[in-house]
Amino acid sequence: MLSAAGLALGPSFLDPERLISTFGVIGILAAVFAESGLLVGFFLPGDSLLFTAGLLIAGGAYLHLPLWLMCLLVSLAAVTGDQFGYAFGRRFGPALFRRPDSRLFKQENLARARDFFARHGARSVVLARFVPIVRTFTPIVAGASHMRYRTFVGFNLVGGSLWGCGVTVLGYLLGGIAVVRDNVELILIGIVAVSLIPVGIELLRARRRRRRATAA
């Protein structure tokens with residue numbers, strides 16, 4: 001059903017339906033956890049994966065569990081992933097900011113999350129949930145910045161629940177509409193495109209700041 005989308009969105013092993021059909025609920029939860037708090041999880045298709053999970057539950061394919069249970073499990077995986085990221089940043093933050101670039105780690109991704117955190121403060125824990133790449137590194141930056149743990153937990157619960165439940169329920173509701181079922185590839189491409197808009201805006205702002213600094 002989603003083969004074309006897999007080709008359009010990246011490598012075939014990142015095709016949301018392929019991931020779900022192969023690994024089931026465990027695969028979804030592992031991907032959400034990794035994207036939420038592991039440095040190597042930034043490339044995972046979190047938004048499209050949750051949307052597809054909701055869509056498949058609506059169609060009764062691969063995932064045979066209640067929507068509420070899927071939302072609960074995804075939210076727990078997202079919150080737990082962020083908690084791990086916070087602890088990791090708290091413990092290894094200073095060394096991480098000095099770490100050289102590698103194939104799976106780029107300082108620019110960490111810097112982007114740091115700028116996002118600096119602008120939005122504690123709210124960034126919630127807002128970053130809806131920004132790919134930034135959502136992976138923000139809890140790490142929060143830990144490295146020694147953000148008050150109790151504050152982080154509160155915002156993490158809100159952000160993880162809103163993102164985990166919201167995107168999954170959206171897929172479930174739209175999965176009942178024929179035009180959506182018939183154009184899943186385009187819908188997933190649209191989700192990725194929309195989710196990348198904040199990233200594009202951040203890049204443009206960073207470029208403008210560099211130009212201003214150079215001019216000054």
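A cavity is a set of points on a 1 Å grid over the protein atoms alone where a 1.4 Å probe fits but cannot get out, and its lining residues have an atom within 4 Å of a point. Its volume is the space filled by probe spheres set on the points, which are joined across faces, edges and corners. The model examined here is predicted: local features need pLDDT of at least 70 and side-chain atom pairs count only at pLDDT 80 or more, while totals for chains, interfaces and linings use all residues. Residues are numbered from 1 along each chain as its sequence is written, and side-chain values use heavy atoms, with hydrogens and water left out.

One cavity of 30 Å³ or more is present in the structure. The largest cavity has a volume of about 30 Å³, and D82, V125, A128, R129, R135, T138 and P139 line it. Three of these lining residues are nonpolar, one is polar and three are charged (Ala, Val, Leu, Ile, Met, Phe, Trp, Tyr, Cys and Pro count as nonpolar, Asp, Glu, Lys and Arg as charged, and the others, Gly among them, as polar). Helix α7 (residues 134-144) contributes the largest share of the lining, three residues; helices are DSSP runs (H or I) of at least four residues, numbered from the N terminus.

Helix α7 is largely enclosed by the rest of the structure, because 11 of its 11 residues are buried (buried means under 20% relative accessible area, exposed over 50%, and partly exposed in between, with a 1.4 Å probe and protein chains only). α7 is followed by H146, which has a positive phi of about 55° although H146 is not a glycine. H146 lies in the loop between α7 and α8 (149-174).

Three salt bridges were found, a salt bridge being a side-chain nitrogen of Lys or Arg within 4 Å of a carboxyl oxygen of Asp or Glu. Side chains of opposite charge can pair when their charged atoms come close. R135 counts as buried because its relative accessibility is 3%, and D47 is buried at a relative accessible area of 9%. The side chains of D82 and R129 meet in a salt bridge at 3.2 Å, N to O. Both D82 and R129 are buried. Salt bridges that share partners join E35, D47 and R135 into one network.

How values were computed
On a 1 Å grid over the protein atoms alone, a cavity is a set of points where a 1.4 Å probe fits but cannot get out, and a pocket is an open set with protein on both sides within 12 Å along at least five of seven lines; lining residues have an atom within 4 Å of a point. Helices (H or I, at least four residues) and strands (E, at least two) are DSSP runs, numbered from the N terminus.
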